Amino acid sequence: MDGDVDEHLLNVVDVEATCWEGRPPPGQVSEIIEIGLTVVDLRVGERVAKHRLLVRPARSSVSPFCTRLTGLTQTDVDQGLPFAEACRALADRHRTGLLPWASWGDYDRNQFTRQCRNTDTRYPFGRRHTNAKAAFTASHGLGRRPGMAQALTVAGLPLEGRHHRGDDDAWNIAALVLHLAGRGDWPTG
């Protein structure tokens with residue numbers, strides 16, 4: 001499809017990555033283990049698709065802390081795609097290089113940038129990224145940028161699914177995007 005035809009579509013992305021209570025064990029680095037993606041149709045004001053990709057880490061393992069936070073185990077992510085293949089799947093299946101995208105804060109964008117650079121993987125997204133957390137903070141005149149769960153409370157929206165699960169968090173962030181669009185505060189162009 002032509003990019004002009006889909007200007008009303010937005011990919012909302014949330015990642016989960018390997019994490020530890022303290023510093024990573026020697027030789028391990030934080031790597032993406034789950035990519036959640038929700039497609040938002042801004043024209044009709046709906047979340048139209050919810051996707052999830054599990055990613056197999058190459059230089060780290062899932063800690064007990066990470067499992068408590070995300071619900072993901074090493075066994076789960078061992079069934080995932082290698083990172084480069086997951087990036088290709090995003091670009092091919094979800095047209096992430098063509099459609100604008102958003103995430104809650106800059107963590108997700110920075111993690112992709114860092115991991116793509118460190119693994120010599122082609123970055124799967126285009127340049128049109130919106131920091132939904134910054135847009136929400138400005139729209140509501142808040143002094144501090146809230147976490148996603150706190151923002152849902154401020155907006156009067158329910159937390160759907162499990163917090164710190166990529167597909168559920170992307171779905172909830174998409175609800176916040178639609179909330180902002182309904183207020184006339186979602187950045188366009």
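Keep in mind as you look that the model is predicted.

Let's begin with the sheet. Six strands form an open sheet, and their order across it is β4-β3-β2-β1-β5-β6, with mixed pairing. Find the two ends of that order: β4 and β6 are the edge strands, and each of them pairs on one side only.

Strand β2 covers residues 32-41 and strand β3 covers residues 46-56; the two run antiparallel and are joined by eight bridges. You can check this pairing residue by residue. V39 has A49 in β3 as its bridge partner, and D41 stands opposite E46 in β3. Between the strands of this hairpin are four residues, and G45 takes a positive phi near 70°.

Strand β3 has a partner in β4 as well. Here the pairing is parallel, with two bridges between β3 and strand β4, which is made of residues 81-82.

Next, let's look inside. In soluble globular proteins, nonpolar side chains tend to be buried together. In this model, the largest nonpolar core has 20 residues, and V13, I32, I35, F83, L90 and F112 have the most contacts inside it. Strands β1, β2 and β3 each give two or more residues to this core, and so do helices α3 (83-94) and α4. The largest share comes from α3, with five residues.

What does I32 touch, once its neighbours within four places in sequence are left aside? I32 is in contact with V15, E16, A17, V55, F83, Q111, F112 and Q115. Another core lies apart from this one; it has 19 residues, including A102, W104, A155 and W186.

Is T130 buried or exposed? Its relative accessibility is 17%, so T130 counts as buried; the cut-off for buried is under 20%. Setting aside neighbours within four places in sequence, T130 is in contact with W101, A102, S103, W186 and P187.

Compare that with R117, a residue of helix α4. R117 has a relative accessible area of 58%, so this residue is exposed, as the cut-off for exposed is over 50%. R117 and W171 are 54 residues apart in sequence, and their C-alpha atoms are 27 Å apart in space.

Our last stop is empty space. Rolling a probe the size of a water molecule over the atoms shows where such space is left. The largest pocket here holds about 340 Å³ of it. This pocket is lined by 18 residues, and D14, V15, E16, Y107 and H164 are the closest to its centre. Two or more lining residues come from each of β1 (9-17), α1 (64-70), α4 (107-119) and α7 (166-182). Which element gives the most to the lining? That is β1, with four residues. Sorted by class, the lining has eight nonpolar, five polar and five charged residues.

Key: Residues are numbered from 1 along each chain as its sequence is written. This is a predicted model: local features need pLDDT of at least 70, side-chain atom pairs count only at pLDDT 80 or more; totals for chains, interfaces and linings use all residues. Side-chain values use heavy atoms; hydrogens and water are left out. On a 1 Å grid over the protein atoms alone, a cavity is a set of points where a 1.4 Å probe fits but cannot get out, and a pocket is an open set with protein on both sides within 12 Å along at least five of seven lines; lining residues have an atom within 4 Å of a point. Grid points are joined across faces, edges and corners, and a volume is the space filled by probe spheres set on the points. Ala, Val, Leu, Ile, Met, Phe, Trp, Tyr, Cys and Pro count as nonpolar, Asp, Glu, Lys and Arg as charged, and the others, Gly among them, as polar. Two strands pair if DSSP finds at least two bridges between them. A nonpolar core is a set of buried Ala, Val, Leu, Ile, Met, Phe, Trp, Tyr and Cys residues joined through side-chain atoms within 4.5 Å. Buried means under 20% relative accessible area, exposed over 50%, partly exposed in between (1.4 Å probe, protein chains only). Contact means heavy atoms within 4.5 Å.
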